[in-house]
Amino acid sequence: MEAESRVINFGAGPSALPDPVLEEAAKGLLNFNNTGIGIAEISHRSKMLIRDQLRVPPTHSILFLQGGGTAQFSAVVLNMLARHRLLYPDLPDEERVMDYVLTGSWSKAAVQEAARLANGTTVNIAADARTLSPDGKSFDRVPPHDAYKFSENPALIYYCENETVSGVEFSHNEKDPESFPFELLPQNTLLPLVADYSSSFMSRPIPRLADHAIIYAGAQKNLGPAGLTIVIVRQDCIVDVDAAAKLGAIPVPIGLSYKIYAEKQNMPNTPPVFAIYVTGLVLKRNAELGGLAYYEAANKRKQEKLYEVLREGEQKGVLRPFVRPGSGSWMNVVFEVLGEGAEARFLTGAEANGMKGLKGHRSVGGIRVSLYNAVTEEQVDKVVAYIRKFIAETQSPLISETVQDE
């Protein structure tokens with residue numbers, strides 16, 4: 001398919017990939033580096049640029065795993081409970097605690113998996129954004145710092161940096177009330193801090209990366225095709241899970257043990273070769289463009305343009321943002337189109353203009369515009385122009401009633 005005939009993919013994932021990367025990957029499928037063999041047919045270790053671009057310190061290892069975020073819901077619990085067992089072998093299970101911050105559907109799913117695997121360990125909800133929403137059940141904001149209640153010595157502290165379903169994201173400005181409350185955590189110690197960065201990985205720098213025990217991300221948002229999961233693990237969290245099991249910890253399956261992957265250089269089994277290959281191409285292109293500084297600036301401009309037109313639509317009674325100001329995601333912008341049949345008209349018009357993947361998640365509804373790295377500013381300008389045109393052509397019931405009253 002010619003590049004000119006491709007539609008604009010605003011889908012939440014698997015995400016858009018840069019056209020030059022797709023073209024290079026297509027060549028590699030047939031003949032990788034002039035070997036005469038396709039990339040999917042040979043063993044391949046890609047020299048990754050993640051450490052350089054994210055400035056990952058030498059205290060942390062970078063692992064390439066499979067199973068996506070769902071597997072990591074389990075892996076972080078099992079590995080961190082094993083670590084806690086080795087550190088505190090005589091502590092009764094009922095006195096072990098895992099802290100979770102609830103800001104959306106994915107952190108909620110992580111909590112549910114933690115409860116399944118807890119085996120007597122307490123799962124503490126350190127903050128629940130739903131309790132702050134008007135209806136008591138919507139994830140429409142990041143909790144302010146005074147809403148958090150962390151445990152004294154938890155086995156892990158878990159948060160999801162960006163929630164793709166509801167479009168909630170922590171601010172990277174630590175002065176903002178919507179930032180993660182690092183100042184409330186114990187100081188001068190190795191924090192058991194775990195972060196799901198799946199949908200914002202490599203879109204901008206990670207605040208206090210070195211303070212995290214584990215950061216993980218599926219590649220299918222900003223890096224490559226589905227199938228690869230990147231896990232950045234502090235080395236004190238790569239523990240002997242079998243030794244912990246002998247002390248009473250939950251046995252950890254080989255496929256979820258960080259130690260096995262670290263010892264086998266990410267290859268205890270055949271890795272997702274093609275996903276790693278495409279991710280390598282994306283990272284190489286990122287470096288050529290200017291790395292995270294380039295993408296942070298571009299992503300900032302993209303989301304500012306989109307939120308500006310949403311404010312215009314809100315003022316005219318046509319659109320309604322799902323998330324409170326300050327908590328809105330840079331990657332997934334979620335909003336409602338007001339009026340009977342208006343959402344269907346919006347989506348039909350978008351498709352007619354070559355824009356797909358805009359329908360919101362079934363659990364939330366509405367419209368979701370995903371602005372991952374591969375979505376260009378030119379493409380964002382097109383969707384912004386379409387939204388502005390839709391606003392101009394749509395008169396809300398509120399405006400109609402006001403005109404009639406006058």
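Select A82 first: this residue is buried, with a relative accessible area of 0%, where buried means under 20% relative accessible area, exposed means over 50% and partly exposed lies in between, as found with a 1.4 Å probe and protein chains only. The model on screen is predicted, so that local features need pLDDT of at least 70 and side-chain atom pairs count only at pLDDT 80 or more, while totals for chains, interfaces and linings use all residues. Residues are numbered from 1 along each chain as its sequence is written, and side-chain values use heavy atoms, with hydrogens and water left out.

**Around A82**

A82 lies in helix α3, residues 68-87; helices (H or I, at least four residues) and strands (E, at least two) are DSSP runs, numbered from the N terminus. Show the neighbours of A82 next, and, leaving out residues up to four places away in sequence, you will find that A82 touches V239, V241, A244 and A249, contact being heavy atoms within 4.5 Å. If you also mark L247, which is 165 residues from A82 along the chain, the two C-alpha atoms are separated by 9.1 Å.

**The whole chain**

Zoom out to see the eleven helices and 14 strands of the protein chain. Of its 406 residues, 53% count as buried, and among contacts with a separation of 6 or more, 70% are between residues 24 or more positions apart.

**The nonpolar cores**

In soluble globular proteins, nonpolar side chains tend to be buried together. A nonpolar core is here a set of buried Ala, Val, Leu, Ile, Met, Phe, Trp, Tyr and Cys residues joined through side-chain atoms within 4.5 Å. Select L54, Y159, F180, F201 and I230, which touch the most other members of the largest such core, a set of 43 residues. At least two residues of this core come from each of α2 (50-54), β2 (60-65), β4 (122-128), β5 (156-160), β8, β9, β10 (229-234) and α7. Which of these elements gives the most to the core? It is α7, with seven residues.

Keep F180 selected and display its surroundings: apart from neighbours within four places in sequence, F180 is in contact with V101, H145, F150, I157, Y159, F170, S171, L185 and L193. A second, separate core has 41 residues, including V76, M98, Y100 and A249.

**Aromatic rings**

Now show the rings of Phe, Tyr and Trp (for Trp, the six-membered ring), which pair if their centres lie within 6.5 Å, with planes under 30 degrees apart counted as stacked, over 60 as edge-to-face and the rest as tilted. By this rule there are 14 aromatic pairs. The pair of Y148 and F150 is stacked, because the ring centres are 5.6 Å apart and the planes stand at 20°. Y148 is itself buried, at 7% relative accessible area, and ring pairs link Y148, F150, Y159, F170, F180 and F182 into a cluster.

Move to helix α7 (residues 273-289), where F274 and Y277 are three residues apart and therefore separated by about one helical turn. Their rings form a tilted pair, 6.3 Å centre to centre with 50° between the planes. Are these two residues buried or partly exposed? F274 counts as partly exposed at 29% relative accessibility, whereas Y277 is buried at 6%.

**S200 and its loop**

Select S200, in the loop between β8 (193-196) and β9 (214-218), which counts as buried at 3% relative accessibility. Its side chain makes a polar contact of 2.4 Å with the side chain of E161; such a contact is a pair of N or O atoms within 3.5 Å, where within protein one must be able to donate a hydrogen and the other to accept it, and residues adjacent in sequence count only if both atoms are side-chain atoms. Beyond residues up to four places away in sequence, S200 touches E161, N162, E169, N222 and M331.

**Two strand residues**

In strand β10, pick T229, which counts as buried at 1% relative accessibility. A polar atom of the T229 side chain lies 3.0 Å from the backbone nitrogen of G68.

End at I214 in strand β9, a buried residue with a relative accessible area of 0%. The C-alpha atoms of I214 and A195 are separated by 6.4 Å, and these residues are 19 apart along the chain. With its neighbours within four places in sequence left aside, I214 is in contact with V76, M80, L193, V194, A195, V231, I232, V233 and Y258.
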